[in-house]
Amino acid sequence: MKKLWGGRFTGSAEDWVDEFGASIGFDQELAEQDIEGSIAHATMLAKCGVITQADAENIIQGLQKLKQQAANGELEYSAKLEDIHLNIEHHLTELIGPTGGKLHTARSRNDQVATDMHLYLKEQVSEIIELISEFQRTLVDQAGQNIETLMPGYTHLQRAQPISFAHHLMAYFWMLDRDKQRFMDSMKRINLSPLGAGALAGTTFPIDRHMTAEILGLEGIYENSLDAVSDRDFILEFLSDSSILMMHLSRLCEELILWSSQEFQFIELSDAFTTGSSIMPQKKNPDMAELIRGKTGRVYGSLMGLLTVLKGLPLAYNKDMQEDKEGMFDTVKTVKGSLKIFAGMVSEMKVKSEEMAQSVKKDFSNATELADYLAAKGVPFREAHEIVGKLVLECIQKGCYLADLPLEAYKSTNSLFEEDIFEALNPYNAVKRRNSAGGTGFSQVKLQIEKARTSL
Ligand code: ARG
C-alpha cells in the first residue's frame, strides 16, 4: 500500500515497524470526530475560495458516506496507513478519486489530530458531567431518606461524635459538586479550535479559522499556531480532573467496603453489585467498590504518564504525543463506568439504620456532649475536658458507658451536673443539637439537601 507521504522515500519500513508506529489500533475511536473536522474544513475551503464548491460537495458527500460506514463498523483500517487521519483520507480517495487529495490543503495531521481530540473530549466531558449529576441525585435521595439515621462519625477511624448518615452521604455530594465544577471549567479550554494552525506555522491559503471553529461548535481558536498543535493541557486537565474525581469515588468505595463488613454492619450492598466466593459459600464480596478503588490507580497512571511524555518536548508536534490517546480513552471508559456503577450501588444499598443506631449507644462518642455541658455552665472547656476524660476512664475500668453511670458519680466530680445530662448523652440529641451552619444537626442537613436539590 502506497504511503500518503511516500514521495521523498525510496525504501520502506518493515510491517512490524509500521505496526509499532501506528495509532490506528486505538485512534479509530476518533473516526467520527475526524470526519466532522474534515467536513468543516472542506466547507470552509470552498467558502474561502481555496477549492471549488463542486469539489467540496464531492468531498463532503464522500465523507458522509464514510461516516456512515465507520458508525456501522464497516470501514477497514490498516496499520500501513498509520492512523485514523490517513486511513480516512485513503478511503475518501478510493471513493471519490483524486479530488479526495484536495481535502488536506491548508491543513496538517498536527492540527487535525488536536482538533479531533478537542471534539472528542467536548462530547465525553459533557456526558461525564451528566453522569456526575445522576450519581449526585442518588446520593441526595439516599440522604433524604436517612436524615435521622444515626451513625458514629470517625476521625483516625476512631469513634468521634455521632452524626446523621445523611450528613455523611452529603459530604460526597459536595465533593462531586466540585468535581463537576472542575469539568465544567475545563470546557472553556476544550472549546478551542486548533484547526488551521497547519503543521505548526499557519498557512499561506486565505482560510477562516473562526468559520471552522463555529461549524464544529467550538467557541474560539488558539491564538498561536505553535501552541495550537503543541498543546495537550486540555487532556492533562481532563486526566487530573478525573484523578480527583476517582480519588473521591475511591474514598467512598473504601467506606462502603468497611460499612458492609461484619465488623461495621452499617449497610448491605445489593446482589447486583457484589459477588460470591467460589469456595466460601457465605461470602458476599463488595467487588465493584473494590474494583473502582483499584481502577483509580490506572487513572492516576494515565495522568502521570502524559505529564511525563510532555515534560521535555520541544515545540511543536513530536511523535511522542501520539501517546496521549490510550490513557485518555481508558480514563473516559473508567470514569463513566465507575459513575454508572456508583449510581446503582448507592441507590440499591440497604441502610441498616437499627444496627447503626445501636452502635452509637455502645461507645464514647457522646463524651464531647458532657464536656460541652459543663462548658455551657461556665466551666473552662479545658477543665471540663479533663473531668470527662476521668469519667470515661472510670467507665472503661467498670466496663460500662457514660450513660450507665449514676448521677451521683457525676455529681462527685462536679456539682454542676444535673439529671438533664442524660438527655445530653442521648446520641439523637447530640446530633440534633449540632445546628451550626453546615453541621450535622437535622435541620442543617435538611437545609443542605434542599440546597443540593436546587443545584441539580
Ligand atoms: N497519529 C498521530 C498522533 O496521534 C497523528 C499526528 C501525526 N503527525 C505527524 N506529523 N506524524 O499523534
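Is the crossing of helix 7 and helix 19 left-handed or right-handed? The crossing of helix 7 and helix 19 is left-handed, where left-handed says that the near helix is turned anticlockwise from the far one by less than a right angle, and right-handed that it is turned clockwise. This is a predicted model, in which local features need pLDDT of at least 70 and side-chain atom pairs count only at pLDDT 80 or more, whereas totals for chains, interfaces and linings use all residues. Residues are numbered from 1 along each chain as its sequence is written.

## Domains

The domain assignment, which comes from an automatic or database source, divides the protein into domain 1 (6–105), domain 2 (110–355) and domain 3 (359–446). Between the C-alpha centres of domain 1 and domain 3 there is a distance of 73 Å.

## Helix pairs

Two packed helices are described by the angle between their axes and the distance between the axes. Helices here are DSSP runs (H or I, at least four residues), as strands are (E, at least two), and both are numbered from the N terminus. The axes are lines fitted to C-alpha atoms, for helices over the stretch in contact, and the angles run from 0 to 180 degrees between N-to-C directions.

| Helix pair | Axes come within | Crossing angle |
|---|---|---|
| Helix 7 and helix 19 | 11 Å | roughly 30 degrees |
| Helix 14 and helix 15 | 8 Å | roughly 140 degrees |
| Helix 6 and helix 7 | 9 Å | roughly 165 degrees |

Angles under 35 degrees count as roughly parallel, over 145 as roughly antiparallel, 65 to 115 as roughly perpendicular and the rest as oblique. Helix 6 is therefore roughly antiparallel to helix 7, and the crossing of helix 6 with helix 7 is left-handed. Sorted by class, the residues in the contact of helix 6 with helix 7 are 19 nonpolar, 4 polar and 3 charged; here Ala, Val, Leu, Ile, Met, Phe, Trp, Tyr, Cys and Pro count as nonpolar, Asp, Glu, Lys and Arg as charged, and the others, Gly among them, as polar.

Helix 7 (residues 165–190) and helix 19 (residues 442–455) cross at roughly 30 degrees, and they are therefore roughly parallel to each other. On the side of helix 7, Ala-166, His-167, Met-170, Phe-173 and Asp-177 meet Val-445, Gln-448, Ile-449, Ala-452 and Ser-455 of helix 19, where a contact requires that the C-beta atoms of two residues, placed from the backbone, lie within 7 Å. This contact of helix 7 with helix 19 has 6 nonpolar, 3 polar and 1 charged residues. Gly-144 belongs to helix 6 (residues 109–145) and counts as partly exposed, because it has 17 C-beta neighbours inside 10 Å; a residue is buried if 20 or more other C-beta atoms, placed from the backbone, lie within 10 Å of its own, exposed if 12 or fewer, and partly exposed in between.

## Helix 14 and its cover

In helix 14 (residues 367–376), the residues Ala-367, Glu-369, Leu-370, Ala-371, Tyr-373 and Leu-374 are buried, and their cover includes helix 15 (381–398), helix 17 (421–425) and helix 18 (427–432). Helix 14 and helix 15 are oblique to each other, and their crossing is right-handed. Their contact brings Ala-367, Leu-370, Ala-371, Leu-374 and Ala-375 of helix 14 to Phe-381, Ala-384, His-385, Ile-387, Val-388 and Val-392 of helix 15, and these residues divide into 10 nonpolar, 1 polar and no charged. Just after helix 14, Gly-378 has a positive phi of about 100 degrees.

## Single residues

Phe-234, in helix 10, is buried, with 22 other C-beta atoms within 10 Å. Apart from its neighbours within four places in sequence, Phe-234 is in contact with His-118, Leu-121, Ser-186, Arg-189 and Ile-190.

Ala-106, in the loop between helix 5 (84–96) and helix 6, takes a positive phi of about 60 degrees although it is not a glycine, and Ala-106 is buried, with 21 other C-beta atoms within 10 Å. Gln-265, also not a glycine, has a positive phi near 55 degrees and is placed in the loop between helix 10 (233–259) and strand 5 (267–268). With 15 C-beta neighbours inside 10 Å, Gln-265 counts as partly exposed. Finally, Leu-315 and Ala-316 are joined by a cis peptide bond with omega about 5 degrees, and Ala-316 lies in the loop between helix 11 (287–310) and helix 12 (325–348).
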